[in-house]
Amino acid sequence: MLRWPPKPKRSLLFVWHAGEENGLLGSRYMADFPVVPIENIVAQLNMDMVGRNRNDDPKQANTVLVVGSDRISTELHNLNEDANASLARPMTMDYEMNDPADTESIYTRSDHYSYAVKGIPIIFYFTGLHPDYHAPSDSVDKIVFDKIQRVAQLAYETGRRVANLDHAPV
């Protein structure tokens, strides 16, 4: 018999955005005109480009770049750290691109940023730039599906922990 996990204390809202490359159009619209009151959105977890290894380096197979987790809420950052530690195969979390001086400015370039500017704590999961970044040559045969599954498991576990808090992440 299939057993579902207990229902979390908080509702979860799954949103797919479009228009990121054209000025975060979809996420900005959602943050400006949310389908639930903006004060009810306590965190935003963004997974974008999590199916490849940074620079296609096989040594990066266990690595996920984590951006923004500590910029608004240290509690969200700690929940993510604890969630990762609880996984059967914890990932190596790389915070290099979280540096405000990062030349790629990843923190301000993806959909999570539309929520961060509203004061909503965010985590951006990313697995790094590669030669096919935003190019037609970024084809499905290059995806590392095990990696996507593992990053998704980390985001799920973090989201579950956030959803079961009695308060918004501080």
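**Notebook: sheet, helices and salt bridges**

I started at strand β4, where V67 stands opposite F124. I am working from a predicted model.

**Entry 1. Neighbours of β4**

I looked up the strand on the β2 side. β2 covers residues 63-67 and β4 covers residues 122-126. The two run antiparallel and 3 bridges join them. L65 is set opposite F126 of β4.

Then I checked the β1 side. β1 and β4 run parallel, with 4 bridges between them. Q44 has I122 as its bridge partner in β4.

A reminder to myself: strands of a sheet pair through backbone hydrogen bonds, either parallel or antiparallel.

**Entry 2. The whole sheet**

I wrote down the strand order as β1-β4-β2-β3. The sheet is open, has 4 strands and shows mixed pairing. β1 and β3 (92-94) are the edge strands, since each pairs on one side only. From one strand to the next, the twist averages 25 degrees.

**Entry 3. Is β4 buried or exposed?**

I went through the strand residue by residue. In β4, 5 of the 5 residues are buried, so the strand is largely enclosed by the rest of the structure. Both faces are covered. I122, F124 and F126 are buried on one side, and I123 and Y125 are buried on the other.

**Entry 4. Helices on the sheet**

Helix α2 (residues 74-86) lies across β1, β2, β3 and β4. I noted its angle to β4 as about 45 degrees. Helix α5 (residues 145-163) also packs on the sheet and touches β1, β2, β3 and β4. The direction of α5 makes about 180 degrees with that of β1.

I stayed on α5 and turned to its charged side chains. Side chains of opposite charge can pair when their charged atoms come close.

E157 forms a salt bridge with R160, at 2.5 Å from N to O. The two sit 3 residues apart in α5, about one turn of the helix. E157 also forms a salt bridge with R161, at 2.9 Å from N to O. That pair is 4 residues apart in α5, again about one turn.

E157 counts as buried because its relative accessible area is 9%, under the 20% cut-off. R160 is partly exposed at 32%. R161 is partly exposed too, at 23%.

**Entry 5. Salt bridges elsewhere**

How many salt bridges does a search of the whole structure find? I got 12.

I picked out D166 and K9. Their closest N and O atoms are 2.9 Å apart. D166 is in the segment after α5, while K9 is in the segment before α1. This pair links distant parts of the chain, 157 residues apart. D166 and K9 are both exposed.

I also found a network of salt bridges. It links R52, D56, D132, D138 and K142.

**Entry 6. A nonpolar patch**

Last, I looked over the surface. Which residues make the nonpolar patch? I listed L13, V15, V35 and V36. The patch covers about 310 Å².

I followed up on V36. This residue lies in the loop between α1 (25-32) and β1 (44-47). V36 is partly exposed, with a relative accessible area of 30%.

Conventions:
Residues numbered from 1 in each chain as written. Predicted model: local features only at pLDDT ≥ 70, side-chain atom pairs only at ≥ 80, totals over all residues. Heavy atoms only, no water. Patch = residues over 30% accessible without salt bridge, like charges linked within 9 Å, V, L, I, M, F, W, Y side chains within 5 Å. Areas by Shrake-Rupley, 256 points an atom, 1.4 Å probe, with all protein chains shown as cover. Salt bridge = Lys/Arg side-chain N within 4 Å of Asp/Glu carboxyl O. Buried < 20%, exposed > 50% of the residue type's maximum accessible area, 1.4 Å probe, protein only. Pairing = 2+ DSSP bridges. Axes fitted to C-alpha atoms, helices over the stretch in contact; angles between N-to-C directions. Contact = heavy atoms within 4.5 Å.
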